[in-house]
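Biologist: I would like to learn how to read a model of this kind, feature by feature. Please give the general idea before each case.

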Amino acid sequence: MCSDGRVEPSIERDIEKWLPTIQAESRSGVDLYWRGRIEARHAKTYREASEAAALLEDAIRQNSRLPNAVLHLARLYNTDFMHTLAGHDARPLRERALFLSRAANELDPNSAHVHTLLGWCHLRRGAWDLSRKHFDRAVDLNPFNADRFVEI
């Protein structure tokens, strides 16, 4: 899927219209991933973000080989999710984000997105050298992606 921001929003809008037609008992990990991704994008409260995270966790339980679900959940736990809950201990969510990022790296070690997220996970832990290593690897893997440079 194109990650330059032009294609994904229209794909998400189409999928968002289609998802309600799927019966709950027949949902696959992919369906749960898209539902969780869309709900995470719309989440305004801690409860809504938690529900989106639970959908992504379910998607991964159903199919642990969905790197996008793993990455989306890791990013949610490492950043967006925590902004909805003040005064909490961030360590468990950050540890889960690092675990998920490492799992995504095992699924796709040549993904610039994976290395960017690993860089952020290590940065939040204060592991500067590891963070830089992953950021540099992300740039090496995808040297012409402006969005990747902005994220790094």
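Biologist: Where is the place of serine 101?

Modeller: Helices are DSSP runs of H or I with at least four residues, strands are runs of E with at least two, and both are numbered from the N terminus. Serine 101 is in helix 5. This is a predicted model, in which local features need pLDDT of at least 70 and side-chain atom pairs count only at pLDDT 80 or more, while totals for chains, interfaces and linings use all residues. Residues are numbered from 1 along each chain as its sequence is written, and side-chain values use heavy atoms, with hydrogens and water left out.

Biologist: Is serine 101 buried or exposed?

Modeller: Buried means under 20% relative accessible area, exposed over 50%, and partly exposed in between, with a 1.4 Å probe and protein chains only. Serine 101 has a relative accessible area of 0%, so it counts as buried.

Biologist: Which residues does serine 101 touch?

Modeller: A contact means heavy atoms within 4.5 Å. Leaving aside residues up to four places away in sequence, serine 101 touches Ala74, Val114, Leu117, Leu118 and Cys121. Val114, Leu117, Leu118 and Cys121 are among the buried residues of helix 6.

Biologist: How many helices and strands are there in the protein?

Modeller: The protein has eight helices and zero strands. Buried residues make up 38% of its 152 residues.

Biologist: What confidence does the predictor assign?

Modeller: pLDDT is the predictor's confidence in each residue, from 0 to 100. Where pLDDT is low, the predicted coordinates should not be read in detail. The protein averages 81, and 76% of the residues score at least 70.

Biologist: Why does the length of helix 6 agree with its number of residues?

Modeller: The expected span of a helix is 1.5 Å times one less than its number of residues. Helix 6 (residues 112-125) has 14 residues, so it should span 20 Å, and its end C-alpha atoms are 20 Å apart. At the start of helix 6, a side-chain oxygen of serine 111 comes to within 3.3 Å of the backbone nitrogen of histidine 113. Glycine 126, with a positive phi near 85°, follows helix 6.

Biologist: Which helices do the buried residues of helix 6 pack against?

Modeller: They pack against helix 4 (67-78), helix 5 (91-107), helix 7 (128-141) and helix 8 (146-151).

Biologist: Which residues have the most contacts inside the largest nonpolar core?

Modeller: In soluble globular proteins, nonpolar side chains tend to be buried together. A nonpolar core is a set of buried Ala, Val, Leu, Ile, Met, Phe, Trp, Tyr and Cys residues joined through side-chain atoms within 4.5 Å. The largest one here has 27 residues, and those with the most contacts inside it are Tyr33, Ile60, Ala69, Leu73, Leu76, Tyr77 and Leu100. Helix 2, helix 3 (46-62), helix 4, helix 5 and helix 6 each supply at least two residues of this core. Helix 4 gives the most, with seven residues.

Biologist: Where does tyrosine 77 lie?

Modeller: Tyrosine 77 lies in helix 4. Its relative accessibility is 8%, so tyrosine 77 counts as buried.

Definitions and conventions: A polar contact is a pair of N or O atoms within 3.5 Å; within protein, one must be able to donate a hydrogen and the other to accept it, and residues adjacent in sequence count only if both atoms are side-chain atoms.
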